Amino acid sequence: MDSSSLKSAQLLELMRQHLATDAGKEVTKKVGLVYQLNIAPKKIGVDEEIFVVDLKKGEVTKGPYQGKPDATFSFTDNDFLGIATGKTNPQIAFIRGAIKIKGSISAAQKFTPDIFPKPAKL
């Protein structure tokens, strides 16, 4: 993936490697959805970098999804890291306005910290 100033990009690179493992293939089988992540350094909608977590094909790519993702999330770098590492409750973040979701709410509810590899250290 291209270089990125976002801390989230490191986690997404780990995710990309994780999806190639047996444990990652289990996640792909279990979830089977496509998520587009619009991650902004400081403020949602400003200087966003776009990543796609494709849990149908089992890959993570940079750039907008070609087609219609099951769910699209917009959040800041820190909010994404909090959710992905389990430090932030996604429902609370949504209520606070820290996450914006477009698309299927049932698909969005499957986007949990469980789908991410447990980072040794970020």
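User: What do buried, partly exposed and exposed mean here?

Analyst: Buried is under 20% relative accessible area, exposed is over 50%, and partly exposed lies in between (1.4 Å probe, protein chains only). By that rule Arg96 is exposed, at 54%. This is a predicted model: local features need pLDDT of at least 70, side-chain atom pairs count only at pLDDT 80 or more, and totals for chains, interfaces and linings use all residues. Residues are numbered from 1 along each chain as its sequence is written, and side-chain values use heavy atoms, with hydrogens and water left out.

User: What is a salt bridge, and how many are counted?

Analyst: A side-chain nitrogen of Lys or Arg lies within 4 Å of a carboxyl oxygen of Asp or Glu. The count is five. One of them joins Arg96 to Asp79, with the closest N and O atoms 3.7 Å apart. The pair links distant parts of the chain, 17 residues apart: Asp79 in helix H3, Arg96 in helix H4. Helices (H or I, at least four residues) and strands (E, at least two) are DSSP runs, numbered from the N terminus. Asp79 is buried, at 19%.

User: How is a pair within one helix read, such as Lys29 and Glu26?

Analyst: An α-helix has 3.6 residues a turn, so residues three or four places apart point the same way. Lys29 and Glu26 lie three residues apart in helix H2 (residues 22–31). Their side chains form a salt bridge at 3.4 Å, N to O. Lys29 is exposed at 65%; Glu26 is partly exposed at 48%.

User: Why is helix H3 largely enclosed?

Analyst: Seven of its eight residues (77–84) are buried, so the rest of the structure largely encloses helix H3.
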